[in-house]
Amino acid sequence: MTAAKPLVSVLLPVYNGQDYLRKAIPSILSQTYENFELLIADDLSTDDSFAIIQEFAKQDNRIKHFKNAETLGHSGNYNFCLDQAKGDFYKSFAQDDLLEPTCIEQMLDVFLREPDVTLVSCARRWIDPNGKDMQVVRPYSSDMKLTAKEVILYNILVFSNWIGEPSSSMVRRVSPPEPRFDLKNVHFADVEYLMQVAARGAYYYLDKPLCLYRRHQAAMSKVTLRGMYFAPDLFDLWRKYRPYLEEIESEEQFARRACEHIAKTMDYVVRTEKLTLPAMLNAKVKHMGGLTQQENIAAFREVSYHMLGYITEVLQEIDHLKHCRKQNLAAYQDTINEIHSSLSWKVSAPLRALRRPHKTKTEPPRVL
Amino acid sequence: MSNKPKVSVCLPVYNGARYLDEAIQSVLNQTHENWELLIADDVSSDESPAIIEKYAKQDSRIIAWRNERNKGVCANYNDCVTRVSGSLIKFVAQDDILEPKAIERLSEVLLENPTVSLVSCAKRNVDDNGKELEIIRRFPQNTFATGKEIILFNLIQLTNFIGEPITVMIRATDPPILLDPTFRYYSDVEFYYRVLAHGDYYYLDEVLCTYRRDAGEVTTRGLKGIHFAPEIFELWDRYHPYLEEIGETEEQFRRRAIEKIALRLDDLKRNRGLRVEDVMENRVSNGRSPNDASMADWEESRFKELAFSAAGYLTELLAELDHLKRCNANDPLNFQRELNKIHSSISWRATAPIRAVRPLIKKLF
């Protein structure tokens, strides 16, 4: 291994991926950059995934495959792959997705050119379950290098993943403690991991669609949205990235913003998918990873605490505004009444009666 | 004397040595003498067992036992209620004190009013040192209410307007009505609902007991863990027919409940220093093992329900806030438009001379 051709570890956690694995794995094996190891960990799939993996492993000795002793969940399985990785760079990947042949080569070029960059992501082409092109997603309109602070703030300000899915990202190995997926994050685990990586250096966006991301129409919104699992993650982001956020907002401001985001998101899901309370409660994440039920309860207690605090504030403001409005309207009405009771107005009553013969009675108009 | 009914006094104890003497003594001092006192010690680690033993030896009307393992206050209460042999049940808490005539007066109400299934009285609140803080009177006079009325009254306020167990006497039933361990904060009042489902309520406007206000740690803890919040939704699920009968819909109730919870939480934050860490910590076991799977499921879905309902209500409120802000911005413009209409009307213009002349006239005379 020379410095010019460092080893890249491709991480592929698998769970029931038989439909797409036969396309996903060859898209790695046909990469123009050849010095990689492909780590595939099967999280006890109940379909033919493992047989397919074994089949490919026989053909190419760069594949190292594992079958987990127990189900680790999505994040846990990623962490397992990370533990096995020996490369200087990690290319995360997902079983439904595809890489363009030059993906690793081009991303690695960036790393070699920009020694402080720890995270690279690229534009991606969305494809539907049949592989048909849907659209190209480009978070920025040109290549762009951002500091850790910029990329972290940018993602937390929009409460959304603007870095990309694992398939569109590549990571430089950093000195321990190495970033890992936080098992307590159910919804934002991907992007939070990538933010940890960015925090150790800088971020580079490569404005080329080098990966294909499969959008599954069946689940319009993820179960983590329908089941509200995204909500506790938001407050967790504050705890983790507080030093960055405190430069631009206070804890209260963050909490308000997070509450509004939760309310808007839920409102959207409720409206577009007719989500009801029982359906929300039924939307359970199967493998919650390291999140115990007690932790989940505590997390939702926390969400409730912040939501209710904000509700109190809004109720107070509504009360205040209503009170102000009442006073203003009364003052306006007084002014109008004054005019109507003035001599000028009374004297000219016949004039108005003449002008509106069809009206039997002229009532003074109300302001509003 | 012999036709006086037997009253079973239930006294669950857990580490109550500090005030237990006073509590037991207050039962021994009762003018109504046909009673039994059931004392259940929930494996106290303080002097409580010795105190209980001392009294049990003195008076054969005292039946005392010690649990094999800690069961929690709820199960301990239920144990007592299950063992009663009297026809009436009086509750006593280890920190509280009965006035000598308490049992006599409360039992008289139940005897005189056969439809009444629960009677409660006024109480004196005292601090840790026994200093009187206030007298709490639920109504300004003796008051009779049907069970339905009083249940509704409590459901509308979402609070316990009947009183703590120390103020209450009920009839013994077979099978006994038990406390539901789902509830921590509302456990007593929810218990009253079931007692009152088949009977009426009487408020006796006499101060017949003393309540140590700050000793009730469970209440504080129930509040701090905001366990009261999901219980409110549980109350709706169980008792919504009462509220629906007076025209409240589930949606209206949810809004009301969220407001109630939000305001109470705000009060806790301001006045009791509640922090988010307190809320996240699950403090009260209430006699169930923390690993009780069904209870954990209940809490998980109830707290998710709370967050979901709060999100829905917040959306509504933010929309209303937006609307009001826009109104407040538009009101002056509308007003000005109306004013301009008047000022440009023929009537107004035609009468301009009058208005021009008036100040002149005023000046002259």
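Start in chain B of this predicted model by selecting Asp180(B), Glu190(B), Arg194(B), Glu234(B), Asp237(B), Arg238(B), Glu250(B), Arg254(B), Arg302(B) and Glu305(B), which are joined in a network of salt bridges. Over all chains, the structure holds 61 salt bridges.

**Chain A as a whole**

Next, select chain A, which has 13 helices and 10 strands. Along the principal axes, its C-alpha atoms fill a box of roughly 105 × 45 × 40 Å. The radius of gyration of chain A is 29 Å, whereas a compact globule of 368 residues would have one near 21 Å. Buried residues account for 52% of the 368 residues in chain A. Of the contacts in chain A with a separation of 6 or more, 81% are between residues 24 or more positions apart.

**Two salt bridges within chain A**

Pick Arg271(A) and Asp267(A), whose closest N and O atoms are 2.8 Å apart in a salt bridge. Both residues lie in helix α9 (residues 251-273) of chain A, four residues apart, or about one turn of the helix. Arg271(A) is exposed at 58% relative accessibility, while Asp267(A) is partly exposed at 22%.

Then move to Glu251(A) and Arg242(A), which form a salt bridge at 3.9 Å, N to O. Glu251(A) has a relative accessible area of 35% and is partly exposed; Arg242(A), at 34%, is also partly exposed.

**Where the chains meet**

Now show both chains and select the contact residues: 62 in chain B and 61 in chain A. The area buried between the chains is about 5400 Å², with 73% coming from carbon and sulfur atoms. Between chain B and chain A there are 12 residue pairs in polar contact, counting those with both residues at pLDDT 80 or more.

On the chain B side, colour α9 (250-272), α10 (276-280), α11 (293-343), α12 (346-350) and α13 (352-364), each of which supplies at least two residues of the side that touches chain A. Among these, α11(B) gives the most, with 32 residues. By type, the residues on this side of chain B are 33 nonpolar, 11 polar and 18 charged.

**Salt bridges across the interface**

Four salt bridges are counted between chain B and chain A. One of them joins Lys325(B) to Glu317(A), with the closest N and O atoms 3.7 Å apart.

For the last stop, select Asp331(B) and Arg325(A), whose side chains meet in a salt bridge of 2.7 Å, N to O. This pair runs from helix α11 of chain B to helix α11 (residues 293-340) of chain A. Asp331(B) is buried, at 3% relative accessibility, and Arg325(A) is partly exposed, at 22%.

Definitions and conventions
Residues are numbered from 1 along each chain as its sequence is written. Chains are lettered from A and ligands numbered from 1 in the order in which they are written. This is a predicted model: local features need pLDDT of at least 70, side-chain atom pairs count only at pLDDT 80 or more; totals for chains, interfaces and linings use all residues. Side-chain values use heavy atoms; hydrogens and water are left out. Contact means heavy atoms within 4.5 Å. Buried area is the accessible area (1.4 Å probe) that two parts lose on being put together, summed over both. A polar contact is a pair of N or O atoms within 3.5 Å; within protein, one must be able to donate a hydrogen and the other to accept it, and residues adjacent in sequence count only if both atoms are side-chain atoms. Ala, Val, Leu, Ile, Met, Phe, Trp, Tyr, Cys and Pro count as nonpolar, Asp, Glu, Lys and Arg as charged, and the others, Gly among them, as polar. The radius of gyration is taken over C-alpha atoms; the globule rule is 2.2 Å times the number of residues to the power 0.38. Buried means under 20% relative accessible area, exposed over 50%, partly exposed in between (1.4 Å probe, protein chains only).
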